[in-house]
Amino acid sequence: MAAARQNSVSGTPPPAHTTLAYTRTSEVEDLPHATKKKMADHLRKLEAMFTITPQRMRMIVEAFKETLENGLAKPGQVVPMIPTYVFGWPTADETGEFLAVDLGGTNLRVCLVRLTGGGKFEITQSKYRLTEEQKQDDGQKLFDFCGECLKAFTDANIESGEIQKDKILPLGFTFSYPCSQDRIDHGELIRWTKGFGAPNTEGHDVVAMFRKSLALHSVPAEVVALTCDTTGTLIASHYVNPATKIACIFGTGCNAAYMERVGDIPKIAHLGIDPNAEMAINCEWGAFDSFEHENLPRTKYDVIIDEKSNKPGEQAFEKLISGRYLGEILRLVICQLIDEGTVFLGQNTYKIEIAYSFDTAFLSLMESDPTDELLMIIGIFSHFFALETTLAERQFFRALAKLVGRRAARLSACGIAAIVSKMGYLDEGCAVGADGSLYNKYPGFADRIHEGLVDIFGEKGRNIVTHHAEDGSGIGSAIVAAMTKIRKDAGLYPDL
Ligand code: GLC
């Protein structure tokens, strides 16, 4: 079939500068494109594969709940349910000046945060793009890059008078990968996620590595707390909206955090913490159903993504949901249709055959295309992949994006429902602070989560409302650092 594809009718692909308002010529119309009926048949099959019924959702929620309980009971579980040593909620009266560093999925961000009390804050920040090479390069080098960026940031802020010279600032380090923690300023990386693979990091204390790089670059900062983006989001969202009980990230990765009663975290009973105290739990729920693959309905496309990833078997839930993978799922479906000779026959398809070339942002754009002709979709395919499309194909691609996006949102609802149900929040209701590119930019993602919650819980599902969260890895991390200082100064669990 590959030969047929290269046997191009028109010969050359359209020029790369094709604009969004591109109009097809009659010559292009004559290409042997898929018929409307054929596309509809394919769509029906894919619909069956990607649709998750309410009954199936409820089964997933039950299994999820059990997994959460197991993670709290015993160390070393697949979903690790990490005790964060963030004790209880902020008062909103935390004050002070803090540095925050966020090593997340796509960017490195460094911030200067001023908490001014009464739930208010000011923030100055700089972002640095991480290259794919850095994500795979030696771990200490990655941390040294963080140290270097932070040094440049603090130097610039000292010069402008924002930071007082010779002052050592407390720092909150947001490192959004699963780390097992014995105390708040320590964390051993369990495994890299989101495509990172820097050697000599898994199994190491990332705070120690980060401190080394701060010393190397003489950065005037002292790491007070290590957090994850979800924990930071939980705390930052509660800081401004005390109804928030759960926080989720739907971005390059996907994860949740919530506040648990210490007495209900059996695996830390030996620490002798007051059982009625509260502690934030970083679920790391992206790992749900990893390795065993017993609970989630994976399609053959999901299996390919998993097997070709740098971490086969791992982050099974995340691979069906997060922004890192949705575009790739859609691309794999398209590639199969190309191989079958259903779409793009006679066109050169090499660009779309490159793994991860179909950005998840394209799905958002395709779903939100307001034109009858689907001009945005014409633009995406012609501009980025040098491919001509018929209206029937474009309608099909849009429907496909909807299936993939909707499945992600409904699975996300299952995760939220598991926490809600475990914690008994359904009757009283609760707010869920959510952040990440998928939640913020994918049209209808939040509505589909809400729809999913109603499918799971019935009308009561409406009591659970997600909202755009406060900046967890900047503000949240600074608040966590402030809370930690206050706790330790008061002599409360000073070694934790
Ligand atoms: C991945 C990380 C997790 C993070 C999430 C969202 O799942 O393992 O720590 O919270 O991505 O960024």
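Helix 16 covers residues 445-457, and its 13 residues should span 18 Å at 1.5 Å a residue; the end C-alpha atoms are 18 Å apart, which agrees. That expected span is 1.5 Å times one less than the number of residues. Helices here are DSSP runs of H or I with at least four residues, strands are E runs of at least two, and both are numbered from the N terminus.

This is a predicted model, where local features need pLDDT of at least 70, side-chain atom pairs count only at pLDDT 80 or more, and totals for chains, interfaces and linings use all residues. Residues are numbered from 1 along each chain as its sequence is written, and side-chain values use heavy atoms, leaving out hydrogens and water.

So what is tucked away on helix 16? Its buried residues (under 20% relative accessible area, 1.4 Å probe, protein chains only) are F445, A446, R448, I449, G452, L453, V454 and I456. Their cover, counted by contact (heavy atoms within 4.5 Å), includes these elements:

| Element | Residues |
|---|---|
| Helix 4 | 54-73 |
| Strand 9 | 244-250 |
| Helix 12 | 360-367 |
| Helix 14 | 391-423 |
| Helix 15 | 437-441 |
| Strand 13 | 464-468 |

Now for the whole chain. It has 17 helices and 13 strands, and buried residues make up 57% of its 496 residues. Along the principal axes, the C-alpha trace spans about 75 × 55 × 40 Å. Among contacts between residues at least 6 apart in sequence, 73% join residues at least 24 apart.

Definitions and conventions: Buried means under 20% relative accessible area, exposed over 50%, partly exposed in between (1.4 Å probe, protein chains only).
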